[in-house]
Amino acid sequence: GKGARITTHITLPGRNLVLMPTMDHVGVSRRIENEKERKRLRDIMCEIRPPRCGFIVRTAAEGVEPQKLQAEMDFLLKLWQSIQRRAEFASVPSLVYQELDITLRAVRDLFAREVDRLVIDSEQEYNKIITFIETFMPALKNAVELYDGSEPIFDAYGIEMEVQRALSKKIWLKSGGYIVIEATEALTAIDV
C-alpha cells in the first residue's frame, strides 16, 4: 500500500532495523502499537547507535532483545562501510550495491548464533553464502556445511516426511488420539 518514493537518502533494510546512514534520526514502526514497547525500542537504539546515523525499528523487532538489535546494527554498519569502499574505487558508472537475493536474505535474517548449522546442497550457493558470512558474520563460518550425499537432502534429513505429516488432515497426538482438520469452502472443521 506504500506509493513510490524517490529520495537521495539511502536506506539499507535488515530484518529488525533499517539503516539510514545519511540521517540522524531514530524511528519506530507505527504498527508497534504498545507505547511501552515503542519507548523501549527507541531507548535501546538511541543508546547503541553511532552518532549522526539513523535507524528505523521495524515491526518485526517487537519483543526482540537488545543483543539481537546490536548484532543487526553492526551488520548493517559493516554493509554500509563495504558499499562506501566499493564506491570509492569503482569506475563510473558501476553498480556498488545490489539488494541481497533470497538465499542471502534468509541467511541474514534467520541464521544466528542459536542455529547449530546450515546445510546446503548447492556448491554455487554454498560459495556465495561463505563469501557473505566471511564478510559480515565471520563467527558463524564453521556452522555452514556443504551436503554432498548421494540421496536428496530432504530425504537424508527426513524433511519431506515432516512436511507431509504437517500437511496431512489427520494429526496424531501424544495421548494416542488424533484430530482431523478439514477445510471446506464455508468453514474449517476440527474433529477430535
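**Entry 1, salt bridges.** I searched the whole structure, a predicted model, and found eleven salt bridges. I then looked up several of them one by one.

I examined arginine 49, whose side chain meets that of aspartate 24 in a salt bridge at 2.7 Å, N to O. Arginine 49 belongs to the loop between H1 and E4, and aspartate 24 to the loop between E2 and E3, so this pair ties together parts that lie 25 residues apart in sequence. I also checked the cover on aspartate 24: its relative accessible area is 51%, and since the cut-off for exposed is over 50%, aspartate 24 counts as exposed.

Next I took lysine 39, which forms a salt bridge with aspartate 43; their closest N and O atoms are 2.8 Å apart. Both residues are in helix H1, separated by four residues, or about one turn of the helix. Aspartate 43 is partly exposed, at 37% relative accessible area.

Lysine 68 is partly exposed at 35%, and glutamate 65 is partly exposed at 36%. I also recorded a network: Asp101, Glu125 and Lys128 are joined by salt bridges that share partners.

**Entry 2, the sheet.** In what order do the four strands of the open sheet run? I read the order as E1-E2-E4-E3, with mixed pairing. E1 (12-13) and E3 are at the edges with a single partner strand each, so one side of each has no neighbour in the sheet. I followed the pairing of E3 with E4, which is parallel and spans three bridges. Glycine 27 has isoleucine 56, in E4, as its bridge partner.

I looked up the largest nonpolar core, which holds 36 residues; Leu17, Leu19, Met45, Phe55, Leu69, Phe132 and Ile133 touch the most other members. Among the elements that give two or more residues to this core are strand E2 (17-20), helix H1 (35-48) and helix H4 (123-136). H2 supplies the largest share, eight residues. I set a general remark beside this: in soluble globular proteins, nonpolar side chains tend to be buried together.

I finally looked up a nonpolar patch on the surface, formed by Phe154, Tyr157, Ile159, Val163 and Leu167, with about 460 Å² of accessible area together. Helix H6 (residues 159-167) gives the most to this patch, three residues. Valine 163 is located in helix H6 and is partly exposed, with 35% relative accessible area.

Technical notes. Residues are numbered from 1 along each chain as its sequence is written. This is a predicted model: local features need pLDDT of at least 70, side-chain atom pairs count only at pLDDT 80 or more; totals for chains, interfaces and linings use all residues. Side-chain values use heavy atoms; hydrogens and water are left out. Patches are made of residues with over 30% relative accessible area and no salt bridge: like charges are joined within 9 Å, nonpolar side chains (Val, Leu, Ile, Met, Phe, Trp, Tyr) within 5 Å. Accessible areas come from the Shrake-Rupley method with a 1.4 Å probe; for residues, only the protein chains shown count as cover. A salt bridge is a side-chain nitrogen of Lys or Arg within 4 Å of a carboxyl oxygen of Asp or Glu. Buried means under 20% relative accessible area, exposed over 50%, partly exposed in between (1.4 Å probe, protein chains only). A nonpolar core is a set of buried Ala, Val, Leu, Ile, Met, Phe, Trp, Tyr and Cys residues joined through side-chain atoms within 4.5 Å. Two strands pair if DSSP finds at least two bridges between them.
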